[in-house]
Amino acid sequence: MKSIYLDYASTTPLAPEVLKAMQLYLTRCFGNPSSLHSFGEKARKAVEDSRKKIAEFLFCLPEEIIFTGSATEASNLAIFGIVRPSIQSIEGSVKPHIITSSIEHKSVFMPCRILEDEGAELTYLPVTKEGFIKISDFKKALKKNTVLVSLIYANNEIGAIQPIGEIAKAISAYRKSHIANYNDKRLAISAMPYFHIDAVQAVNYLDCDVKKLGVDFLTLSGHKIYGPKGIGALYVKNGSPIKPLIYGGGQEGGLRSGTENTAAIAGLGEAIRQIANGKSQIAKIRKLKNKLFKGILKNISDVKLNGTLDNSLPNILNISFRGVEGEAIELALDSEGIAVSTGSACAAKDLKPSHVLMALGVSPKDSHGAIRFSLGKYTTEREIDRVLKVLPGIIERLRKIAGYHSK
Ligand code: PLP
């Protein structure tokens, strides 16, 4: 039985072209990019070539790209790097204020929670039942002490795409009208609030031109784009007063010390280059997702789409199957060689209902029966056909065991 992988939002397989681009730096070209000799020079060139490829993709300058050990680290760098210094430099009763949403990935949510403990003021924006932030809520949340806005571009559980451009416009208008209001000499007040987005799930499918988007920081990850694990990058707009999290030899412009992971960086550059070649895949992936959705609706009763098909990533489909536990479905599908997930892989061991689905207003019961199907560039129509063949039987059997009778 050939296995079927429908968990691309958790991680993607390494593309053959990416593996090829990495191999040289795992073997012959093993130099330290900081060394002056020719071994070092070759490694340094690989790092700088990759930086250029990423800068081209994001429409920014190469020196605005900082390599990190993961997207989690990149987002931590943006959030702590901007907010922590402002906690220390703000005197009196004014606290730095952060705006984020109630459907962030934990790599943003947790740093925000920690900063809240350290004295920052947090606004967690609600979302509509489809998973979108309302611009009116966002505008209302902006305050003169808002230092950072950190939002997910496209959600990893439901695929909802946030109106980043519109939010950037609101920030820009706010900056213009409030320049004189905030008296923190360390921060460039005309640039506040700073705007960070987590584009980890968006990079494969959406426009990531940082100028068009109007963002100051953007996080991306290697292993969600057919690149290696353990590599991420942060776009840091020139002039942003960000402080490092890790100190040492001063690599990455002093923002991320530690010898660069040359092979993974070369792989990330190639993975980004491949995205431009893969744009034609998007329509195919969306078609397969729609087929999967229609097939589930036709053949299985009492199901609920979490989120919406509009303004959502072409590859993520989140469905609740009433009366059944998501984990039971995941395991039953796995025994048929089909890999799906109940939500974010990072929360897979956590039996609490997903905070994303709760924020959408999905009931705890429906949330427990949720499955995330995430497709990718190697997904085929035959694979979708097979899922549609086995899934109705699995749901029927599990519902019987649970004593659930569909209406
Ligand atoms: N942000 C989002 C939206 C994600 O889906 C993930 C991975 O699950 C991350 C951040 C974390 O990425 P990494 O594994 O590179 O730290």
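Helices and strands here are DSSP runs, helices (H or I) having at least four residues and strands (E) at least two, and both are numbered from the N terminus. The model is a predicted one.

**Backbone at two loop residues**

With that numbering, Phe59 sits in the loop between H2 and strand S2 (65–68). Its phi is near 60°, which is a positive value in a residue other than glycine. Tyr226 belongs to another part of the chain, the loop between strand S7 (217–221) and strand S8 (232–236). The phi of Tyr226 is near 65°, again positive in a residue other than glycine. For comparison, most residues other than glycine have a negative phi.

**Helix packing**

Two packed helices are described by the angle between their axes and the distance between the axes. Helix H2 spans residues 38–58 and packs with helix H8, residues 262–277; the angle is about 30° and the axes are 8 Å apart. H2 is therefore roughly parallel to H8, since angles under 35 degrees count as roughly parallel. The crossing in which H2 passes H8 is left-handed.

A second pair is formed by helix H9 (residues 281–299) and helix H13 (residues 381–402), whose axes lie 10 Å apart at an angle of about 20°. H9 and H13 are therefore roughly parallel to each other as well. Here the handedness is right-handed, with H9 passing H13.

**The ligand site**

There are 13 residues around the ligand, and those that come nearest are Thr72, Asp198, Gln201, Ser221 and Lys224. By class, the shell around the ligand divides into 3 nonpolar, 8 polar and 2 charged residues. Polar side-chain atoms of Asp198, His223 and Lys224 lie at the distances from ligand atoms listed below.

| Residue (polar side-chain atom) | Ligand atom | Distance |
|---|---|---|
| Asp198 | nitrogen | 2.7 Å |
| His223 | oxygen | 2.8 Å |
| Lys224 | oxygen | 2.7 Å |

Taken alone, the ligand exposes 400 Å², and the protein buries 91% of that area.

Methods
Residues are numbered from 1 along each chain as its sequence is written. This is a predicted model: local features need pLDDT of at least 70, side-chain atom pairs count only at pLDDT 80 or more; totals for chains, interfaces and linings use all residues. Side-chain values use heavy atoms; hydrogens and water are left out. A residue is near a molecule or strand if one of its heavy atoms lies within 4 Å of it. A polar contact is a pair of N or O atoms within 3.5 Å; within protein, one must be able to donate a hydrogen and the other to accept it, and residues adjacent in sequence count only if both atoms are side-chain atoms. Accessible areas come from the Shrake-Rupley method with a 1.4 Å probe; for residues, only the protein chains shown count as cover. Ala, Val, Leu, Ile, Met, Phe, Trp, Tyr, Cys and Pro count as nonpolar, Asp, Glu, Lys and Arg as charged, and the others, Gly among them, as polar. Axes are lines fitted to C-alpha atoms, for helices over the stretch in contact, and angles run from 0 to 180 degrees between N-to-C directions. Angles under 35 degrees count as roughly parallel, over 145 as roughly antiparallel, 65 to 115 as roughly perpendicular and the rest as oblique. A crossing is left-handed if the near helix is turned anticlockwise from the far one by less than a right angle, and right-handed if clockwise.
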